Amino acid sequence: MFRNKNNNRASNVSLAFSDLSFDIVVSVFANLIFFTAYFQTELRLTLLLFYLISVWALYLADHLWDAKKEIAPLSLRSQFYLRHQSKIRVAIGFSFLVALLLGLVWEWKFLYQNYPYLICFLLALVLVVKQLSPIPKEILVSVFYTWGILLPFSNAKGLPPIVVLFFLHVLSNVLLTYQIDRERDKLQNTNTLNLWLSPNLAKGFAILVFLFGFSFLCFCFYTQTIPFVFVLGMGLSYVWLGVTWYLIPKPSSQKLFSELSYVPMFLPAIIFFFSGLR
């Protein structure tokens, strides 16, 4: 009996962790730390906080929007958001205010330098919300996520191999995760690849992207194009994602662990930290 209670409690905590998008925040943190170490760039604390708070607020708002337009039967996440929507609205509003303060006071120069990204992102967001986007949502999410993460790193221009590997991981993750919401996206007429491809073909395309990325990673390891410690961090992220999709059948757990597949990207920074203590 106690074991069942503990299992239920752990399950509820993990669901709340995912539903409130803390897994996204952890992933963005891991991505930024990884590329800070790779490009040997100093990441200001105010910029890091701006990223984490902005992303958290954006995903909370997106999930609340999805919950309001979802057609019954509602998913567990939508039920959670509608049940606590007043508190979530307060969290979204407070987070946006803090992010706005950080951006305008401490990171105005960063925002000004990257205004093309902000304009493109807002335009894409409006098109998706209005269901006018001609580009499938999986592609938009993957491109803007990758582009956004790399904004602080000027050395990322020119698509170095590590950036290509990261994008392919993001894309395969998004493609696989969107399979879970396939029926919901169809009901809401969201422009995703699921509207155009059969389930087997869509999943096959996602696996193909994943295998291409992992093969390219092995090629980079063989040719020593990327330092081993970064190959290790990125490689474990690929392995984590693959294991998640083949060994974890529960959809909610798949989503959580797929998003947390970026956690191994902390590894290079951890190794450098402890090696510097010697």
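Contact here means heavy atoms within 4.5 Å. The structure is a predicted model, with residues numbered from 1 along each chain as its sequence is written. Local features need pLDDT of at least 70, side-chain atom pairs count only at pLDDT 80 or more, totals for chains, interfaces and linings use all residues, and side-chain values use heavy atoms, with hydrogens and water left out.

Leaving aside neighbours within four places in sequence, Val170 is in contact with Ser142, Tyr145, Thr146 and Tyr262. The C-alpha atoms of Val170 and Tyr262 are separated by 9.3 Å, although the two residues sit 92 places apart along the chain. Val170 belongs to helix α9; helices (H or I, at least four residues) are DSSP runs numbered from the N terminus, as are strands (E, at least two). With a relative accessible area of 1%, Val170 is buried, a label that means under 20%, while exposed means over 50% and partly exposed is in between (1.4 Å probe, protein chains only).

Pro116 gives another pair to look at. The C-alpha atoms of Pro116 and Ser215 are separated by 33 Å, the residues being 99 apart along the chain. Pro116 is found in helix α7 and is partly exposed, at 38% relative accessible area.

Next come the charged pairs. Side chains of opposite charge can pair when their charged atoms come close. Taking a salt bridge as a side-chain nitrogen of Lys or Arg within 4 Å of a carboxyl oxygen of Asp or Glu, the count comes to two salt bridges. One of them joins Arg44 to Glu107, with the closest N and O atoms 2.5 Å apart. This pair links distant parts of the chain, 63 residues apart: Arg44 sits in the loop between α2 (22-38) and α3 (45-69), and Glu107 in the loop between α5 (85-106) and α6 (108-113). Arg44 is partly exposed, with a relative accessible area of 41%, whereas Glu107 is buried, at 1%.

The side chains of Asp66 and Arg77 also meet in a salt bridge, at 3.7 Å from N to O. Asp66 lies in helix α3 and Arg77 in helix α4 (residues 76-83), so this pair ties together parts that are 11 residues apart in sequence. Both Asp66 and Arg77 are buried.

Most residues other than glycine have a negative phi, and most peptide bonds are trans. Gln131, however, has a positive phi, near 60 degrees. Gln131 lies in the loop between α7 (115-129) and α8 (137-150) and is partly exposed, with 42% relative accessible area. Phi of Gln224 is positive too, near 55 degrees. Gln224 is placed in the loop between α11 (199-223) and α12 (228-247), and at 69% relative accessibility Gln224 counts as exposed. Gln179, in the loop between α9 (161-178) and α10 (182-187), is buried, at 19% relative accessibility. Not counting residues up to four places away in sequence, Gln179 touches Asn194, Pro199, Ala202 and Lys203.

The elements giving two or more residues to the nonpolar patch are α5, α6 and α7, and α5 gives the most, with six residues. Val105 is found in helix α5 and is partly exposed, at 49% relative accessibility.

Finally, the second largest pocket holds about 620 Å³ of space. A pocket is an open set of points on a 1 Å grid over the protein atoms alone, where a 1.4 Å probe fits, with protein on both sides within 12 Å along at least five of seven lines; lining residues have an atom within 4 Å of a point. Of the 25 residues that line the second largest pocket, the closest to its centre are Asn114, Leu150, Leu151, Pro152 and Phe153. Two or more lining residues come from each of α6, α8 and α9, and the largest share, four residues, comes from α8.

Terms used:
Points joined across faces, edges and corners; volume = space filled by probe spheres on them.
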